[in-house]
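Reader: I have a model open. How should I read its helix packing and its sheet?

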Amino acid sequence: MVNTVKAGFASHTPNMLSRLEAKKPSLCHSEPLTAEKVRATLCVLKGILTSCYGPSGRLKQLHNSTGGSVCTTSQSAVLLRNLSVTHPILKILTASVQNHVSCFSDCGLFTAILCCNLIENVQKTDLTATTTIKLNTHLLNFCTSYLRSEACGCRIPVDFSNTQILLCLVRSILTSKPACMLTRKEIDHVSILILRAFLLIIPGNTEDPIILGKSIIVPLKGQRVTDSTVLPGVLIEMSEAQFMRVLPVRKSSPLKVALFSTSLSGDFSDLGEGCMVVSDGVSLENAVLDQLINLGRQLVSDHVDLVLCQKVIHPSLKQFLTLHHIVTIDRVGVMLMEPLSKVTGTQPIGSLGSVSPGSYGSVKDWCSAKFGWKHFFHLIPNEATVCSLLLCNRNDTAWDELKLTCQTALHALQLTIKEPWVLLGGGCTETHLAACIRHKIYKEPGSILQDDGCTQAELQLIAEAFCSALESLAGSLEHDGGETLTDMKYGHFWTIQAGPPSVVNWTDLLSRCGCGVYNSQEELSWSFLKSTCHPFVPQACLPHETEEIRPQSTHSLTLDCLTAKLSGLKVAVETANLILDLAYVIEDKN
C-alpha cells in the first residue's frame, strides 16, 4: 500500500486543511567563511580536486550507495557533475567552474583549485573584503595584460603551416587525463587523428568569419585504441542485414540525395494533434500509403540516388525505392541531421507533399564499411567540412573518458583560430607569473595600486597570497611526495623525487622543467617553491628551437590553451572575490 502525502499537510489528520504546518523561519548565517564547518568542507573539496590534477593525478570513483552506474574519472566536468554539494558557497564555486567548462572545455581543475587556494590564502591576511577584492582585481588585470602582451615569456605563437605546436597541445590534453588509460604510442596515434579531424572541418575558402564544419565522434568500444581512424564525411551505423542490402552505385556525376526529417512510416501519430475528417469507406492506411508511393514516384522521376530519413521508412516505400535502385537508410537519428545537412548541402525535408527540385542535396560518393564488429554506411562529401572520428578503446569507462578528452582537445584547437597562441604548461606559467608579480610589487608597486586607497603593505600581503596560490597550484602537479622548485632565471617549475640527499648537485637530479622547454644544463640556480627568495626579473626569451618548432624539440613540450586558461584565471579570481564578499547566507527551510 502506498500513502501519498502532500507537502505542507499532516497526513494523519482527517481534516487536513485545519492542520497546516507553521512556516519555518529562514536561517541566517553571518560571515559564513568564518565557520569551521564551512572551511573544513571547502578544504575537503580542494583536496578532492587537487588530487586529480595533472598527468599523475589520482582517479576518483563516483557511485551512489543505492545502486546505479559507477563513474571513474579525474576530469572536472564529470567530477563536479556527479558530486552532490549542499552548502551555498560550494554551489557558487562548482557552478562557476561548470559554466567555465561548458564554454571552454579545458582548465576546469585549474580554475577550481586556484579559487580554493585564493580563498584560503586571503583569509589568513585578515584584511577587509573590500580591500582584498580591489587588490585581487588589480593583480588579475596585471596577469591578463602580461599574458596577452608581446613581452610575455610563457606564451608561444601558433603557426598553422606547422603542426608541431598544435600536436603538442593535443598531446598535453590527452596526457593530463589518466583515466583514458593510454600508452605513449596510443597518445601519439589519437593526437594525430584529432589534429587531422580539426583540419578537415576548416573550410577551404578564406571568408571572414570562418565557419567551421563538424566532427562526429563514432563509438567503437572493445577495440584497440590504435584501430581508431578519422574519415571525411559521415559514418551511419547500420545492421548487418542493411549492410548486405546496400547496392554499390557507380556514377561519375555527384549523387543526388533526399534528406527527410519527417517520418515516412505512414504512422498517424506523426501528424500531430487535431481532428481528422474521414469519408465513409475510405481507408486511412491505404490513403497514406498511396501518398508515400506517389512521393516515391517523384523521387524516382527526379533521379534521386539516396534517401536518408531521420525516422522510419515504410517497408512498402523502401521496397519500391529499392526496385528502382535507390538506396534507403532510415532511423539515422536527430544527432546526425545537422552533419548530414552540411554534407549534402541541403535542409531536411519536413513534409510528405511534393518535393521542389531545390530541396535535394548531393554527395561525391558512398560506400559500405566495416570496422571491428560494426557495419557503417560511409557518406563521402563533395567538400569535406564534416568528418567522423571512429574512436576505439578497451572498455566503456575508458572510452567515455577518451571521448570527453577528444572533445576538449578539438575545442582547444578551435579556440586557437581566434587567438593563435598557447601557454607553457606543466606549472611553468603559474610559477613564472608569480615571479613577475613579486618583481612588479618590489620595483613598481604604484603601477598596481592606482590611488584607490590601499596601502603598499596591504598590496604586499595580497600579492603574496596571490603568488602563493599560483605556486601551490603548480605544486599540485606533484602527487608522489617529491620536492618542487623554481629556477631563479626563468621562473619555471621543476620537480625532483622525494628524499634527495642534503648535499646535492641539482643538475644531477633535475632533467627538464615542467613544460619541457629548459633543461638543467643551462647554468641555472634553483629555490624550493615555498621558500623565501629575493624578487628577480624572470627572463622572457624562449629558446630558438621552440620558435623554429623543430619536431625533436617540441615533442616533449607541455602546452595549455591560452583562451581557456585566461578565462579560468578570470573565473577563479572573480569567484573567490564573490565568496570572500559574502556577509550573510540566508537559507529557506520550508
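**Helix packing and an open sheet**

Author: Start with two helices. Helix α6 (residues 164-175) packs with helix α7 (residues 184-200) at an angle of about 125 degrees, their axes 9 Å apart. Axes are lines fitted to C-alpha atoms, for helices over the stretch in contact, and angles run from 0 to 180 degrees between N-to-C directions. Helices (H or I, at least four residues) and strands (E, at least two) are DSSP runs, numbered from the N terminus. The model is predicted: local features need pLDDT of at least 70, side-chain atom pairs count only at pLDDT 80 or more, and totals for chains, interfaces and linings use all residues. Residues are numbered from 1 along each chain as its sequence is written, and side-chain values use heavy atoms, with hydrogens and water left out.

Reader: Which residues of α6 and α7 make the contact?

Author: Contact means heavy atoms within 4.5 Å. From α6 come Leu166, Leu167, Val170, Arg171, Leu174 and Thr175. From α7 come Ile187, Asp188, Val190, Ser191, Ile192, Ile194 and Leu195.

Reader: What is the strand order in the open sheet?

Author: Strands of a sheet pair through backbone hydrogen bonds, either parallel or antiparallel. Here the order of the 3 strands is β4-β15-β19, with antiparallel pairing. Two strands pair if DSSP finds at least two bridges between them. The edges are β4 (155-157) and β19 (559-561), each pairing on one side only. Twist averages 40 degrees from one strand to the next.

Reader: How many bridges join β15 and β19?

Author: Strand β15 (residues 421-424) pairs with β19 over 3 bridges. Val422 has Cys561 of β19 as its bridge partner.

Reader: Where does α6 lie?

Author: α6 lies across β4, β15 and β19, at about 90 degrees to β19.
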